[in-house]
Amino acid sequence: MEVCTLIPGQKFEPTVLALGNFDGIHLGHQELLKDGLEKARSLKTLFSVLLFDPHPLKVLHPDRKLELITGKDEKIMLFEKFGVDKVFLLPFSLEFAETTPQEFVENILLKIGVVHVTVGFNYSFGCHGKGKPGDLEKFGEAYNFGVSVVQAQMLDDRVISSTEIRRALLNGDIDLAKSMMGRAPTIIGTVVHGDGRGRDIGFPTANIETHEDLLIPKNGVYAVTAEIDGRIYGGMMNIGIVPTFKTGQEKIIEIHFFDFHGDLYRKDLFIDIQARLRAEKKFSGVREITEQLGKDMEAAKQKLQKQNFTKFME
Ligand SMILES: Cc1cc2nc3c(=O)[nH]c(=O)nc-3n(C[C@H](O)[C@H](O)[C@H](O)COP(=O)(O)O)c2cc1C
Ligand SMILES: Nc1ncnc2c1ncn2[C@@H]1O[C@H](COP(=O)(O)OP(=O)(O)O)[C@@H](O)[C@H]1O
């Protein structure tokens, strides 16, 4: 798969293009990607995705916290998994935000060489989101490219959306997030130094520093899995302020991996959140928390076993 920044004036091979923001790459997005891939296979063209970079909200509301479910790098990785041949990164600026729907079609889509465009039912494009899927269909007729509009994917009676997933993660509802995403929600970050207390209490933890734009699920303890040096490990993660030992409000993410003995500092980890175990609590001291961590380990292993992760634990 190729990732390229879109520069005006470039010429490209004919392609089917999926459009959207794809935060969470949930079951709705996956349906859209399937549709695009099928079209590309039948039309014998490339299958591409267009992403704005940086995220439009970061440019339009620089003061707001973004809270993305999926960062750019993870999106690109998942696109590859879903059969995308090429990702176009389109530099987004305040000036670009003024592009009208017609200009977007003429200056971007036609320049890219689209033969077919796949969008979701609630897609909007051009300045202030004025262009709707119906407009895109009219442009398609005028400029001779196909358009498919993928209908809303539902979970029970609710439309699956990035907003619903964000809400589920902030509520610590991992099961609901999983059902809407069709896979485990993730935390991605780099292992940094903590206070060095974990090792002393018999549960060394990898402290994770995430990208500031990523959403962090509700404080609490979770069963997780992660790939380290080509092997999948089970583990237990705490997200919170560690009230037993600290007085500040700084949010800390730390994981104890089962059956892992080694150095994780500076490693980039992709952590799959498999289940929520409990809320974070203030304990009376080292003895009480160590006892609880032993119970958490049992609970995490049980959850992972139920979800068929047994083979990753000794
Ligand atoms: C699975 C797990 C659950 C935890 N639960 C709590 C908790 O409920 N309350 C708390 O104060 N600290 C909790 N912690 C944090 C531990 O106190 C922490 O691992 C220890 O202070 C080590 O910190 P360090 O990595 O900075 O050395 C938890 C840690 C893990 C790995
Ligand atoms: N089973 C394990 N799970 C997580 N980290 C581990 C494990 N075994 C060793 N480590 C290493 O030990 C470090 C954590 O030890 P700890 O005493 O908690 O220190 P710190 O507070 O600096 O994170 C991790 O960053 C990692 O490199």
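**View 1. Ligand 1 takes up the second largest pocket of this predicted model**. A pocket is an open set of points on a 1 Å grid over the protein atoms alone, with protein on both sides within 12 Å along at least five of seven lines; a molecule sits in one if more than half of its atoms lie within 2 Å of its grid points. Two or more residues of the shell come from each of helix 8 (197-200), strand 12 (231-240) and helix 9 (286-306). Helix 9 gives the most, 3 residues. Helices (H or I, at least four residues) and strands (E, at least two) are DSSP runs.

**View 2. An aromatic pair, F104 and F125**. The ring centres are 5.8 Å apart and the planes at 45 degrees, so the pair is tilted. Rings pair if their centres lie within 6.5 Å; planes under 30 degrees apart count as stacked, over 60 as edge-to-face and the rest as tilted. The structure holds 9 aromatic pairs.

Residues are numbered from 1 along each chain as its sequence is written, and chains are lettered from A and ligands numbered from 1 in written order. Local features need pLDDT of at least 70, side-chain atom pairs count only at pLDDT 80 or more, totals for chains, interfaces and linings use all residues, and side-chain values use heavy atoms, without hydrogens and water.

Note on methods:
1 Å grid on protein atoms, 1.4 Å probe; cavity = no way out; pocket = protein on both sides within 12 Å on 5 of 7 lines; lining within 4 Å. Phe/Tyr/Trp six-rings, centres within 6.5 Å; stacked < 30°, edge-to-face > 60°.
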